[in-house]
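Here's a quick briefing to read alongside the structure. It starts with how the two chains meet, then turns to one chain and to a single residue in it.

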Amino acid sequence: MAHSARKDSPELPDFSMLKRLAKDQLIYLLEQLPGKKDLFIEADLMSPLDRIANVSTLRQHEVDKLYKVEYKPVISNSDQLCFLIRPRIQTVKWICDVVNADKAAGKARSYKIIFTSQKFYACDAVLEEQGIFGDVTTDEWPFYLLPLDEDIISLELPEFFRDNFLAGDQRWVRTASNALHLLHSLYGPFSKVYGIGRCSKMVYESWRQIKEGEQKTDKVDIGKVFLIDRDVDYVTPLCSQVVYEGLVDDIFRIKCGCVELGPDVTSSDKSIKVMLNSQDKVFNEIRNEHFSNVFGFLSQKARNLQTAYDKRRGMDIQQMKTFVSEELKGLKQEHRLLSLHIGASESIMKKKTKQDFQELLKTEHSLLEGFEIRECISFIEEHINRQISMIESLRLLCLLSITENGLLPKDYRSLKAQYLKSYGINHLLTFANLRQLGLLVEQQPGETLTAMESKVGKLVNDKTAGKLTDAFSSLAKKSNFRALSRKLNLVPKSDEEYDLRVPRDMAYIFSGAYVPLSCKLIEQVLERDGWTGLEEVTRLLNAHEFAGPGSNGADLAAKNDAQRTILVMFLGGCTYSEISALRFLGRERGFKFIVVTTAITNSSRLIEALLDNHV
Amino acid sequence: MAFITANWNPLGEAFFRKTELYDMCWNIRDGLRDSLVAAAPYGGPIALLREPHRRSPSSRPQLEIYSASGLAITSFPWKSGPVVQLGWTVSDELLCVQEDGTVLIYDLFGSFKRHFSMGQEVVQSQVLEAKVFHSPYGTGVAIVTGSSRFTLTTNIDDLKLRRLPEVPGLQGKPCCWVVLTQDRQTKVLLSTGPELYILDNTSCTAVYPPGLSPQTGSIVHMTVSFSYRYLALFTDTGYLWTGFSHLQEKLSEVDTKKTTVPKHMVWCRRPQSQQPSVVLMWDRLLMVVGQCNDTIQFPIEDPCVLVGELDGVRVINSTNQELLQEVPLVCQDIFKIASMAPGALLLEAHREYEKSSQKADEYLREIKEQSMLGEAVRQCVEAAGHEYDSNTQKSLLRAASFGKCFLTDFSPDQFVQTCRELRVLNAVRESSVGLPLTHTQFKQMTLQVLIDRLVYRQFYPLAMEICRYLKIPDYQGVSRVLKHWASCKVQQKDLSDEAIARAVCMKVGDSPGVSYSDIAAKAYESGRTELAIKLLDFEARSGEQVPLLLKMKRSQLALSKAVESGDTDLVYTVVSYLKSEMNRGDFFMTLRNQPVALSLYRQFCKLQEQDTLKDLYNQDDDHQELANYYISASYREKRLDTRLSILQSAVDEYNKAKNEFAAKATEDEMRLLRFQRKLDDEKGAGLLGLSVQATIEALLALGLHKQAEQLYKDFRVPDKRYWWLKLKSLAEKEEWEELEKFSKSKKSPIGYLAFVEVCMKHNNRYEAKKYVSKVTPEQKVKAHLAVSDLEGAAEVAIERRNDAEMGAVLVSCTASDQLLIDRLNRARAAATKK
């Protein structure tokens, strides 16, 4: 790695316990239904499940056949059906159809639904409505957390973002606080909890309620916790990622810590699935690197590998024997990985070094800096007109709106009209969604909202005023990106050359053009041990910041190491770039960050979640 | 202390003693004559029904309930039918078995709780006799009816009536009968006079007690011991047979020389009994008959009631109450005259020690020589537990404490525990409390149950004192008592809501484990809704408040509390409750004030009830959302006409929402759809549903240039976009001539570099070159490079003296273009010079 870590960084806690726990719980549930059974698994639970319990484990517990939930009639001869699903009404309805179809055909089977991570009352209501409440047994599999890597834990709840921020549906808050509680009881007690955002605050409060009356363990692994809502910082996930891991995610889509590389990358005729985590030595060294360094690193690595291979020349038999038995396997492995990553890099290069990408990046950087906005707008216009990419265009529009604090009414209309002509009228709904989230809005003439708020605030008491403010802020979330950027110095001065080989600050993850707001906030708060001195910033963010004690009993002074292990929980998803930035920050300051997220996200996932073209 | 043995009566090897428990506080005029009496074991309450057979409505019999010490708890006139039998359940509830088979249940304070019937047929045949019995399954009731049939239930809380088979030859009620619980089965043992039968679920079997000679006559009375292990039979010739209740083994047979049937007959045993015996009572005589053929006879003046206990018999008469029991072995050892047991010596030693006599040492030595000091202490401690008189307890415990001083490694646990327990026992034995428990009973009953009973009798302060004294964790102790206290408090009708709420809050505070919502529920049950709401406010967990609030029909409050709790399931519960309770309008209005609930319900409607969603928006006059709803609905609609009309609704709504842009866009969409349909009808183009751009693209691909042009004009597609589309489409189809014509139609809004690039993309350098000349000067180098015309590129770059461009050309040069490279380098040098 180009930069060495501070020596006194604390060790990461062992998260494999979470997997073992989930596995044992699942097995217990499966054993509640003795005998052979067919298991239906919700599509997006397939990969997480694979991490917890593989097929042979399931077979051991008398799972006969495995099916994916595909909302089709079931063809199965087993007389016991078991469904492993998320608590979604759609899926429950499908199960109702299955059961009712069996009933009509006079087939008698037993059904068991295992909800993960919890069951919602609405699911029961659907079962009741469809008249099969008595025919099925239900259970909950409290599988909250999936460790993707030694420092990344995911709740694997992509719908958290849309449900919580767009639909205002707080059903997942409990899930998040339960997850936090699980971490607290295994690795806590936490001494301090910071956070920003409405949802974070709710999670924090709900968690405090749960943990009341809990016994604390004496072993402390995680000292501090930072909770952050995705809607605090939309800019960062909307930017193109240029750090290797983020790029791989943008282009190949990492799913549950695993990427499928197509034939064009593997230079063979079949796809290969590769696990991307710290076990992969090659990947571990390049994942946090700016892409421009990756090739150099890989070729260096190739040369080293060659030298290692070359060692066998001039070896006597004994040495050769040890070489073969000890080193060769490792080298072979490394060789395989290296060739894969080189293939992937080549493929990325092909896609990204083209003119378009450079211009795209240039536009993004101008937007972040606030220069040459008109050029940017015409670039976006062309982007839309040429139908380069439905998602990308939206992403640029959003980035433009956020950084510019809304679009001018004229631009707003014309860009929207162009977009609708390119991609169809159903995107009217998409635009409504984006507007609701404050991602793509019209500029308000003057600061009318604030003025009105304060006027109203004087008239009514504090509590209602708070509610009103919420209402207003959801009505049109104002972005004050420019002011924030000045306050927190998010955009470094561009006149200096930025050496991406030796990163100065977290901006390196965006080629030195922008320090991610989310990570900057975390840095500042940890530095100040609270929000004091950041009042202006929090006002601009219009967010609900808080800092409070974790456990009453937790000893602040004790276990210095644990106090430098910090859990960052992103509610609504985080990007690989942000994780890279936090890793960098950790190395600089001697912290260890553990990222817990509702799901790994990136610009496309974020935008796709807001599309309304599903029929 | 010779007097201790004064009331000891020898019976075989053992002694029996009568200990006075209470002078009864009650004042009963005619004694216990002519009354139905039920006294519960374990020092339970006493119920008394005077003259149960008096049936004139003018003077109803009086039902009275007393504590074991005779303290009146309640009394009320009996208004229901004639009562055959009274009995207490294990949880201190009074069962009154009526002649018609109805069993009424009252609590300790005489309030009616519920009733059940022993079967329909009983109404006709009437209950002749009934018995209340206790088994591991709870409290049971057995009856025999006028038609000589037995019916029983083993647990009145889980009522299952069992009608037992018929007994051959039985007319009317049997001579005597008992209920036995054996091998997890409940049976009835009955005597028809000469014959003895066992009745179980399925059969009636004649049985013969072993060793009972036929000459002894017929069995007229029987009794079974507290544990159902022993049975005693009394024959009309005065013989008393005792044996095991499974009737396989006989213990003894004694001739009592009494031929009248005893009024009461009860087993008097204790665990590790030396001399199990039976107590029989006649009008003026109480007789204890042991296995050793010996008897003790006590004359009695008053009618008595015998209550069988685990370790003795309580004898209650109108003035006092005594405990008749076998003297425990350890007490015998200590107090027996001239006993040399270590405990006795230790007691003596201590007595001498208090007199400051050196004899104390002698006694101690004697014990120590036998190394029995530990045993002596243990004996004293144990004996103290068995004694009822607190002075005796004290002297025994002091002796034990004294002896303990001479022992080095003796665990004090038992001593300490006994002291504590005795203190508790003495407190509850007080006449004002009236729970005459022995230590053995207390151990059997457990502390938890004792506290429950105290709570049930509303001795809250005492119960709390005991909890604190014995250091029971709050959760099981004080908090539990407080909870009951509060539940009782809220039912007091004479206090105002405010006062009660304040009192409860002050006492309960935030004791762990006391749920305000439970207390509130009690308040609501007793009809004090306002108080319940006040109490709920103290509940810290808002989630706990919701179910009760719903029950009290405070749905609005429930909803806001549910939202506060952050538990969406709870919110949803309330929402679905409201939905079924309220009319639609009110329901929507309620939701409107609760954004969280509203969005939750919307989410649900989106998946389940689309139409409700529409109504919801309608109600709110949310035209924007309503329009959006129509848009998404239009996509679900297959038929074009309907679709158009839905879109028209969307337009209307958008207009109402003053969203002109969206209205316009929607109108455009409608226009487009019509246009597409026309073309589809005419040419079968398959355009329906495409976007404007895609439509133009499709039209161009089909070669329908005119229509594409029309669309371009109608929909005011930007020139740039149209040019791009046409350019791409023509190149795609390789219609190069057409392309050239197009390029000349007017000045290209997208420039000509695009033409070059698109041509090159389709590998047509020849065509591409045509457009190079038209490219603007700034892009010319790029254009030349694009068609790989290095010379041309170099030419332009040099002409323009642009360093960057020259550099770009240089990069593209290969080694073979040495001439060109030199030229460029020269030009570059020249340019920089200037």
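## Where the chains meet

The contact draws on 37 residues from chain B and 37 residues from chain A. Keep in mind that this is a predicted model.

**How much gets buried**

- Put together, chain B and chain A bury about 3600 Å² between them, and 56% of that is on carbon and sulfur atoms.
- On the chain B side, B:Y635, B:F661 and B:R721 lose the most area to chain A; together they make up 18% of what that side buries.

**Polar links across the contact**

- If you go looking for salt bridges between chain B and chain A, the count is 0.
- Polar contacts come to 1 residue pair between chain B and chain A, with both residues at pLDDT 80 or more.

**What chain B brings to the contact**

- Six helices each supply at least two residues of the side of chain B that touches chain A: α17 (568-581), α19 (595-608), α21 (623-636), α23 (660-683), α24 (692-701) and α26 (719-733).
- The largest share of that side comes from α19(B), with 7 residues.
- Sorted by class, the side of chain B that touches chain A has 15 nonpolar, 13 polar and 9 charged residues.

**Chain B as a whole**

- Chain B has 33 helices and 29 strands.
- Its radius of gyration is 50 Å, whereas the globule rule gives 28 Å for 834 residues, so chain B is more spread out than a compact globule.
- The C-alpha trace of chain B spans about 145 × 75 × 60 Å along its principal axes.
- Of the 834 residues in chain B, 53% are buried.
- Take the contacts in chain B with a separation of 6 or more: 48% of them are between residues 24 or more positions apart.

**A closer look at B:E309**

- You'll find B:E309 in strand β27 of chain B, which covers residues 305-309.
- Is B:E309 buried or exposed? B:E309 has 2% relative accessibility, and buried means under 20%, so it counts as buried.
- The side chain of B:E309 makes a polar contact with the side chain of B:R314, at 2.8 Å.

How values were computed:
Residues numbered from 1 in each chain as written. Chains lettered and ligands numbered in written order. Predicted model: local features only at pLDDT ≥ 70, side-chain atom pairs only at ≥ 80, totals over all residues. Heavy atoms only, no water. Contact = heavy atoms within 4.5 Å. Buried area = accessible area lost by both parts, 1.4 Å probe. Salt bridge = Lys/Arg side-chain N within 4 Å of Asp/Glu carboxyl O. Polar contact = N/O pair within 3.5 Å; in protein donor to acceptor, adjacent residues only side chain to side chain. Helix = DSSP H or I, 4+ residues; strand = E, 2+ residues; numbered from the N terminus. Nonpolar A, V, L, I, M, F, W, Y, C, P; charged D, E, K, R; others polar. Rg over C-alpha atoms; globule rule 2.2 N^0.38 Å. Buried < 20%, exposed > 50% of the residue type's maximum accessible area, 1.4 Å probe, protein only.
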